[in-house]
Amino acid sequence: MLAAVIGGRLQGVELAFLAHQDGWQTLLIDRRKGVPAQRLCDRFYQLDVRQIAVLDEIMKAVDLVIPALEDQAALDSLVGWCRDRRVPLAFDPEAYVVSNSKIASDHLFASLGIPAPEQWPHCSFPVVAKPSHASGSDGVILLKDQRDAEAIFPEGFPDRGWVFQEYLEGPSFSIEVIGRPGNYVPLQVTELFMDVDYDCKAVAAPCRLPDRQIRDIETLSVEIAEAIGLTGLMDVEVILHNGCFKVIEIDARFPSQTPLCVYASTGSNMFSMLADLFLFGKPLSVEVPTSVRGAIIEHVRVSPRAIFIEGEHIMADAGPLERVSGFFGADVAITSYREGTPVWVATMIVIAATRQLAAEKLDRVLSTIQRCLNLEHIVDRGPKNVL
């Protein structure tokens with residue numbers, strides 16, 4: 001079976017990895033050369049998907065198309081191409097329109113009575129400013145007080161294009177829900193760890209929550225999926241603030257980081273589940289794994305003197321990445337490392353019987369890298385709290 005992955009950055013890396021784990025061949029399309037997923041796929045074409053005639057030629061044997069990009073014009077072209085040629089597209093454009101707008105998403109949460117951060121001016125400083133159509137931490141600004149606000153927005157907070165909401169402190173969690181109306185499956189809840197720029201630097205599973213709170217997250221994620229009529233996959237990020245879960249954002253597209261962690265911990269492969277849904281129309285269910293393993297995904301940047309633990313943005317512009325098993329003691333790494341290269345990055349995947357043992361294993365991996373490469377420091381740009 002052949003899957004076309006459209007977009008070769010971090011979502012494309014995730015899809016290529018999981019597709020190969022499920023025995024699929026992958027064809028990658030990106031308008032840029034040297035993207036991270038380029039060497040993880042079987043074939044690569046540098047192409048703008050709006051070039052329909054060329055697309056017809058290279059995609060004629062494709063069984064399934066999955067977008068891994070957020071360019072609306074490219075998505076619109078892809079939706080039309082797949083519809084006209086009756087090629088399954090693992091994507092829900094209507095649900096994506098809602099999730100891609102933080103303003104529309106916040107209106108949805110309010111209409112459902114789902115807790116979310118308070119909006120300005122109904123909150124006090126510190127305030128988080130977010131571009132309405134950006135993803136994750138892209139463009140996010142923390143405004144600690146009025147002075148910060150006036151420095152960044154001297155003419156006042158704009159009425160359009162931005163969301164301004166209260167800054168919340170507390171542990172962050174993520175869950176994916178997959179399916180169609182009336183048949184949704186919530187997957188494993190993972191715990192997220194941010195760097196100083198609010199970019200996710202690590203994901204750990206299983207999460208440190210009691211079953212009751214896990215069920216709360218599962219319930220609200222399915223409620224949101226039903227409300228937007230999702231057919232496909234959606235990611236829900238929440239923060240636990242003063243004992244209450246508040247929804248930070250939703251994304252009705254294939255995410256990055258968390259699918260790898262869920263796969264490492266439980267064996268649930270979100271790519272294969274999407275293929276079952278869109279190719280075969282199978283009712284979805286997830287068998288409860290007989291044993292859930294501890295798994296941690298962490299991003300590192302190595303310089304001639306130190307190892308830096310940072311958010312996933314360091315992976316996005318590192319050029320083509322490769323999968324390496326047994327990488328300095330990690331189970332698997334997705335990395336730009338080449339012997340003798342002074343600067344490189346890696347997403348390391350470590351697995352053990354428990355999450356604590358996985359954290360201890362990760363510490364040994366970092367120490368091994370430091371020792372083997374004669375580095376002076378390990379610098380964690382955020383709270384070290386994956387235990």
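Mentor: Leaving aside residues up to four places away in sequence, A275 touches W24, L64 and F280, where a contact means heavy atoms within 4.5 Å. The model is predicted: local features need pLDDT of at least 70, side-chain atom pairs count only at pLDDT 80 or more, and totals for chains, interfaces and linings use all residues. Residues are numbered from 1 along each chain as its sequence is written, and side-chain values use heavy atoms, with hydrogens and water left out.

A275 lies in helix 9, which covers residues 270-280; helices (H or I, at least four residues) and strands (E, at least two) are DSSP runs numbered from the N terminus. With a relative accessible area of 3%, A275 is buried, a class defined as under 20% relative accessible area, using a 1.4 Å probe and protein chains only.

As for the setting, the protein has 11 helices and 19 strands. Its radius of gyration, taken over C-alpha atoms, is 21 Å, close to the 21 Å that the globule rule (2.2 Å times the number of residues to the power 0.38) gives for 387 residues, so the protein is as compact as a globular protein of that length. The C-alpha trace spans about 55 × 55 × 45 Å along its principal axes. Buried residues account for 55% of the 387 residues. Of the contacts between residues at least 6 apart in sequence, 64% join residues at least 24 apart.

Terms used. Buried < 20%, exposed > 50% of the residue type's maximum accessible area, 1.4 Å probe, protein only.
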